[in-house]
Amino acid sequence: MSVPILQRQAAATVRRAGKEVPVRERATRWTAADVPNEQGRTVVITGANTGVGFETAKVLAARGATVVLASRDPERAGRAVQRLEADLPAARLDTITLDLASLASVRSAAAELRSRHARVDVLINNAGVMWAPKGRTADGFETHFGTNHLGHFAFTGLVLDLLLPVSGSRVVMLSSPAHRRGSIDFDDLSYDRRFRRAAAYARSKLANLLFAQMLETKLEQAHAATIAVAAHPGGARTELNRHMPVWFRGQSWGLARPITHPSEIGALSVVRAAVDPAIAGGSYVGPDGWQEFTGYPVVLRPSERARDPELQRRLWQESERLTGVSYQFSIATV
């Protein structure tokens with residue numbers, strides 16, 4: 001069954017399943033003022049209690065969306081809700097507990113979301129870790145790969161049926177410019193041999209893009225109303241950088257300040273990927289500045305490796321095996 005999808009007919013340069021699709025990009029800066037009315041829509045954001053996730057939640061709640069904050073720490077999520085309600089008294093907010101480093105928590109969170117919300121218009125997979133010390137998730141996966149990729153892969157698969165019937169629905173996967181330095185070694189996904197923080201993070205961000213690209217391919221093949229896109233916030237000044245060297249993340253952000261920007265600016269790329277009707281399936285949205293570190297959101301070109309269909313396919317198969325989550329793409333329109 002073919003479902004007309006405005007997003008797939010949009011005008012901006014997009015990459016879908018490794019192909020070029022002609023589009024027209026905006027000539028002016030895209031800002032929060034460009035966000036359409038989100039009344040009646042439900043948006044789920046992982047890691048929304050702080051940083052880019054929080055700022056994304058704030059923009060979308062201000063436009064009328066019901067925003068579900070999926071966070072590992074219920075207390076921090078509660079404080080985030082209080083901060084949002086202080087600025088937006090009429091905001092419609094909800095929270096669920098989600099620890100992406102535990103597949104048991106992922107399954108519990110999916111069930112909790114399903115029990116309280118009959119539909120989801122946008123799922124924003126924002127949470128993650130960066131440059132964390134060597135460690136393992138509850139299921140024995142390397143921390144970056146297990147949290148940033150496998151946790152989101154499983155959660156998306158478990159709640160995808162809440163999006164599939166919803167016209168104009170989207171899955172937004174957060175990546176990073178670091179994906180360009182990433183590689184996937186299927187013989188050592190947990191870095192049992194040589195572990196390096198930067199390499200582990202880059203691998204997880206490449207995996208995020210490979211996942212988004214393959215998900216879009218499968219959704220397109222299923223003629224689904226849902227599309228998958230990716231985004232990155234650039235060098236946003238957030239708690240995500242807490243494991244970075246002190247000279248980089250000090251109180252004034254030191255030498256890194258010229259190549260970073262406030263989290264509310266970084267969030268614009270995520271928000272645009274989530275709601276702009278001119279963003280088509282398979283797009284990758286990020287800042288337009290030097291090395292994609294700062295600036296306002298435009299459509300970018302992922303690395304050649306991220307557009308490799310065979311790598312996308314193999315990672316998908318391995319992710320299903322490791323998480324035990326198999327995707328279903330049956331569709332019913334609403």
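Let's start with the packing of helix H1 against helix H2. H1 covers residues 51-62 and H2 covers residues 74-87. Their axes are 11 Å apart, and the angle is about 35°. Axes here are lines fitted to C-alpha atoms, for helices over the stretch in contact, with angles from 0 to 180 degrees between N-to-C directions. The crossing is right-handed: the near helix is turned clockwise from the far one by less than a right angle.

Who meets whom? On the H1 side, Phe54, Ala57 and Lys58. On the H2 side, Ala80, Arg83, Leu84 and Asp87. Contact means heavy atoms within 4.5 Å. The residues of this contact divide into four nonpolar, no polar and three charged. Nonpolar means Ala, Val, Leu, Ile, Met, Phe, Trp, Tyr, Cys and Pro; charged means Asp, Glu, Lys and Arg; the others, Gly among them, are polar.

A word on the source. This is a predicted model, in which local features need pLDDT of at least 70 and side-chain atom pairs count only at pLDDT 80 or more, while totals for chains, interfaces and linings use all residues. Residues are numbered from 1 along each chain as its sequence is written, and side-chain values use heavy atoms, with hydrogens and water left out.

Now the whole protein. It has eight helices and 10 strands. These are DSSP runs, numbered from the N terminus: helices are H or I with at least four residues, strands E with at least two. Of the 334 residues, 59% are buried. Buried means under 20% relative accessible area, exposed over 50%, partly exposed in between, with a 1.4 Å probe and protein chains only. Among contacts with a separation of 6 or more, 75% are between residues 24 or more positions apart.

Next, helix H8, residues 309-323. At the N-terminal end, Asp308 is the cap: a side-chain oxygen lies 2.9 Å from the backbone nitrogen of Glu310. After H8 comes Gly324, with a positive phi near 75°. The buried residues of H8 include Leu311, Leu315 and Trp316. The buried set packs against helix H3 (103-116), helix H4 (143-159) and H5.

H5 brings us to His179. This residue sits in the loop between strand E7 (170-174) and helix H5 (197-221). His179 counts as buried because its relative accessible area is 1%. A polar atom of its side chain lies 3.0 Å from the backbone nitrogen of Ser303. Beyond neighbours within four places in sequence, His179 is in contact with residues including Ala202, Leu206, Tyr284 and Pro302.

Tyr191 lies in that loop between E7 and H5 too. It is not a glycine, but its phi is positive, about 50°. Tyr191 is buried, at 7%. His223 is another residue other than glycine with a positive phi, near 55°. It lies in the loop between H5 and strand E8 (227-231). His223 is partly exposed, at 41%. For background, most residues other than glycine have a negative phi.

Last stop, Gln39. Buried or exposed? Exposed, with a relative accessible area of 51%. Gln39 is in the loop between strand E2 (19-21) and strand E3 (42-46). Its side chain makes a polar contact of 2.8 Å with that of Arg92. A polar contact is a pair of N or O atoms within 3.5 Å; within protein, one must be able to donate a hydrogen and the other to accept it, and residues adjacent in sequence count only if both atoms are side-chain atoms.

How values were computed: The expected span of a helix is 1.5 Å times one less than its number of residues.
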